[in-house]
Amino acid sequence: MDLVLEGGGVKGIALAGALEVLEERGYRVNRVAGSSAGSIAGALATAGIPVNQIAQILRETDYRRFEDGPWWTRTLPGKALSILLFNGINPGTYLRDWLEEQLSLHGAPGRTGTFADLRYQDPDPGAEVWGPRAYRLVVTVSDLSAGRLRYLPLDAEIIGSTPDALRVVDAVRASASIPLFFRPVRRKNLRGKPTVLVDGGMLSNFPVSVFDRPGGKEPRWPTFGVKLSARPDPDRGVQNRITGPLSFGKAVVDTVTGFYDRLHIDSSHAVARTIFIDTSAVRTTQFHLSDADQELLYRTGRRAATEFLDGTGTREAWDFEAYKARFRQG
């Protein structure tokens, strides 16, 4: 299977629960695309770490340590000053070092830590592999300097690297730059011009079609999306209640950040292959998670994946052949 994993900060624990169920049912990770928490889970999965071990890693991590800003950022004035000086509160150094440690301890032996480890080998020797599909891991980042969505490692030149030389942890760190909470990643591209990168979810938190075969060709295996929100109500859509300047600003941000993804989710073929996990009980930046909250996220992810595969009273069980017949033939 190929996977597209939505970002959502600490909610990524729910991704582990869903992936664990998929592996228990016989699915094996082939390629993964994701942003923020989705890119973290994807980096672990494509490093050859068993899914049950990924679940253990994500459930046992002390997420409070991701808040690695200096002591003076513990106060509201300090947070405001850090945002003013650095455009974000936390450097994100611990997140990068933590991921490097997990990949080194648990990943496949002989890894270099670069995307050269993750070159994709298609089972069909005659298949043309190019663009984002050329690597087993695709990480999305938002390039504020150019106002564009970027795909790493394909667009590695924006941070002065090449696809094979780019370190996986550097790509994930950029994608996980939750605006204001983490400082943006600032680099120079290969032409020496500065670039500023933040969370890929700012432009697309759910690039569900990234691994679809070009030209509308029939898929050879499933591409599942895993989305950290409830299944959308087609009759209601997104409801932004605007009563003043603050709610107006929130509605603007929600519209901008969700536009591309709603184009995907509004497509029935995307809904049919997406596991929706309702994680609304936990905030994205709720890094001081209790054990009960971590367990809730994990169990919610497992339940959502199980219901997706087995069906419920309101939706049919997943059937790949039926999916292809309905959406991918002609």
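Author: First, the terms. Buried means under 20% relative accessible area, exposed over 50%, and partly exposed in between, with a 1.4 Å probe and protein chains only. Helices (H or I, at least four residues) and strands (E, at least two) are DSSP runs, numbered from the N terminus.

This is a predicted model: local features need pLDDT of at least 70, side-chain atom pairs count only at pLDDT 80 or more, and totals for chains, interfaces and linings use all residues. Residues are numbered from 1 along each chain as its sequence is written, and side-chain values use heavy atoms, leaving out hydrogens and water.

Start with helix α10, residues 320–327. Phe320, Tyr323 and Lys324 are buried there. Seen down the axis of α10, these buried residues fall within an arc of 95 degrees, so they line one face of the helix. The arc is that of the directions from the helix axis to the C-beta atoms. An α-helix has 3.6 residues a turn, so residues three or four places apart point the same way. Glu321 and Arg326, on the other side of α10, are exposed.

Now the start of α10. A side-chain oxygen of Asp319 comes within 3.1 Å of the backbone nitrogen of Glu321. That is a polar contact (a pair of N or O atoms within 3.5 Å; within protein, one must be able to donate a hydrogen and the other to accept it, and residues adjacent in sequence count only if both atoms are side-chain atoms).

Next, the rings. Rings of Phe, Tyr and Trp (its six-membered ring) pair if their centres lie within 6.5 Å; planes under 30 degrees apart count as stacked, over 60 as edge-to-face and the rest as tilted. By this rule there are 14 aromatic pairs. Phe181 and Phe287 are stacked, 4.7 Å centre to centre with 10 degrees between the planes. Phe181 is in strand β6 (residues 180–182), and Phe287 is in the loop between β10 (274–276) and α9 (291–310), 106 residues apart. Both Phe181 and Phe287 are buried.

Phe224 and Phe308 pair edge-to-face, at 5.6 Å centre to centre and 85 degrees between the planes. Phe224 lies in strand β9 (residues 223–227) and Phe308 in helix α9, so this pair ties together parts 84 residues apart in sequence. Phe224 is buried, at 0% relative accessible area. Phe308 is buried too, at 3%.
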